[in-house]
Amino acid sequence: IWRHGNLDWPDDEIPPDRATPAVRQSIRKAFRRIWRQQGQPDFVVEKTCANALRVPFVDAVLPEARYIHIVRNGFDIVASARKRWRGELEVPGLPYYLAKARYAPLSDLPRYAAPALKNRVAIKLGRQEHFDSWGPRFAGLDALSDAPLDEIVARQWAACVSSSDSAFSGMAPGRVFQLRYEDFTSDTQGSLAQITLWLETPRDEDALMSAATSVRASSVGKGQAAAEALPATIKSVLEASMQAHGYLGQE
């Protein structure tokens, strides 16, 4: 949905001036369809991770949007994202890709399907260790093709956090709710209650309790344990964003 009309832009850092009337109409039409399919709820929750690199573009398309900014320990991100780059999904692969494909405009599907299939086959045959690209494509990613995977993942995370921080700093406070992933997993029901209060929407404690049961905290801290093995060059990539969000110095 988000790249329709901008498929030829080299990365996911699509600038707001690329939100032409035709692009805005196409994206908004897609979300109206989802809204109707979901029974016309008060809010549609959208969590495409690449949007972290193009918040001003998203805002140009959906100026009425409100943002929940979830930040996480960079060491944990490196540990988690490297699995995705290697094609190690935590869910069955085919249903995962079919679920994503259902939202892509039909004319765009070949542009996504061909590279994904090529990468999957190459990894299965042992011709390459990871995807050419997974997740948010930041400016400069292609220049890192020969870099260690941990460095690519670290730079990806740092680019997303830095870009989001910059964009949200210029927004009215009431439009952005910042939440630490670790706090969310340790008190999911309480965090959801805070979000409903911020959204000024009715709170159903039974619904919040039910939603909280699906959240796991098992991945929290896994990257921290392996952080000592990361080279200093990779730690330096993570340092500024981790410092900004109070993670450095934590055990």
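Helices (H or I, at least four residues) and strands (E, at least two) are taken here as DSSP runs, numbered from the N terminus. On that basis the protein contains eleven helices and two strands, and its elements follow the order α-α-β-α-α-α-α-β-α-α-α-α-α from the N terminus on. The model is predicted: local features need pLDDT of at least 70 and side-chain atom pairs count only at pLDDT 80 or more, while totals for chains, interfaces and linings use all residues. Residues are numbered from 1 along each chain as its sequence is written, and side-chain values use heavy atoms, with hydrogens and water left out.

Of the 251 residues, 37% are buried, that is, under 20% relative accessible area (1.4 Å probe, protein chains only), with exposed meaning over 50% and partly exposed in between. The protein exposes about 14,800 Å², of which carbon and sulfur atoms supply 55%. Contact means heavy atoms within 4.5 Å; among contacts between residues at least 6 apart in sequence, 72% join residues at least 24 apart.

Two packed helices are described by the angle between their axes and the distance between the axes. Axes are lines fitted to C-alpha atoms, for helices over the stretch in contact, and angles between N-to-C directions run from 0 to 180 degrees. The axes of α6 (residues 149-169) and α11 (residues 232-244) come within 9 Å and cross at roughly 15°. The two helices are therefore roughly parallel, a term for angles under 35 degrees; those over 145 are roughly antiparallel, 65 to 115 roughly perpendicular, and the rest oblique. Residues of α6 including Trp157, Ala158 and Val161 meet residues of α11, among them Ile234, Val237 and Leu238. By class, this contact of α6 with α11 has eight nonpolar, two polar and three charged residues. Ala, Val, Leu, Ile, Met, Phe, Trp, Tyr, Cys and Pro count as nonpolar, Asp, Glu, Lys and Arg as charged, and the others, Gly among them, as polar.

Helix α6 also packs with α3 (residues 74-85): their axes come within 9 Å and cross at roughly 120°, so α3 is oblique to α6. From α3, residues including Ile77, Val78 and Trp85 meet residues of α6, among them Leu149, Val153 and Trp157. The contact of α3 with α6 divides into nine nonpolar, two polar and two charged residues.

Pro105 lies in the loop between α4 (93-101) and α5 (109-124). Pro105 counts as partly exposed because its relative accessibility is 23%. Beyond its neighbours within four places in sequence, Pro105 is in contact with Ile1 and His4. The C-alpha atoms of Pro105 and Arg3 are separated by 9.8 Å, although these residues are 102 residues apart along the chain.

Conventions: Accessible areas come from the Shrake-Rupley method with a 1.4 Å probe; for residues, only the protein chains shown count as cover.
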